[in-house]
Each structure stands twice: as structure tokens, then as C-alpha cells.
Amino acid sequence: MKLIDTHTGSASSLIAAHDAGLHFVGFEKDNYYYQISKKRLDLHMAQMNIMQFLEEMS
């Protein structure tokens, strides 16, 4: 399943899609919101969740 968000805004839907394991594409024409959403999504995707941590420890 894939998510296409044509008005990304602060990237909430993209973060939810990432957390759900979905493929996603987001579009934002306003550079201000693009920069906010890119930074927020990059930071979120760089974090490791507890399940990933436990897998790494095994």
C-alpha cells in the first residue's frame, strides 16, 4: 500500500505512513512548509524504535 500526500504541511501523514510501514510520497509547494516537513520527517526516520533496538541487541 502507498500513501500520496499532495499537501504535506508538517509531515504528520508521512510520519504515520512511515510508522505503519507504508511507502509514501509527499508534495509541498510552499518552501517554508517543505523545509519544516523535511526536517521533521528526517529526524523522525533517524530515530530507532524499541523493536529495532531489541532486534539489534539479539
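Good morning. I shall begin with Met57, a residue of helix 3, which spans residues 50–57. Please bear in mind that the model before you is a predicted one.

Is Met57 buried or exposed? Met57 has a relative accessible area of 57%, and because the cut-off for an exposed residue is over 50%, Met57 counts as exposed. Met57 also belongs to a nonpolar patch on the surface, together with Met48, Ile50, Met51, Phe53 and Leu54. The accessible area of this patch is about 650 Å² in total.

Let us turn to Leu22. This residue sits in the loop that connects helix 1 (12–19) with strand 2 (23–26). Its relative accessibility is 28%, so Leu22 is classed as partly exposed. Which residues does Leu22 contact, once its neighbours within four places in sequence are set aside? They are Met1 and Ala17. As for Leu43, 21 residues separate it from Leu22 in sequence, and the distance in space is 18 Å from C-alpha to C-alpha.

Asp5 is buried, and yet Asp5 has no salt bridge. How far away is Arg40, the nearest side chain of opposite charge? The distance is 9.5 Å, whereas a salt bridge requires the charged atoms to be within 4 Å. Beyond the residues up to four places away in sequence, Asp5 touches Ser13, Leu14, Val25, Gly26 and Phe27.

Thank you for your attention.

Key: Residues numbered from 1 in each chain as written. Predicted model: local features only at pLDDT ≥ 70, side-chain atom pairs only at ≥ 80, totals over all residues. Heavy atoms only, no water. Buried < 20%, exposed > 50% of the residue type's maximum accessible area, 1.4 Å probe, protein only. Lys, Arg positive; Asp, Glu negative; His and termini not counted. Contact = heavy atoms within 4.5 Å. Patch = residues over 30% accessible without salt bridge, like charges linked within 9 Å, V, L, I, M, F, W, Y side chains within 5 Å. Areas by Shrake-Rupley, 256 points an atom, 1.4 Å probe, with all protein chains shown as cover. Helix = DSSP H or I, 4+ residues; strand = E, 2+ residues; numbered from the N terminus.
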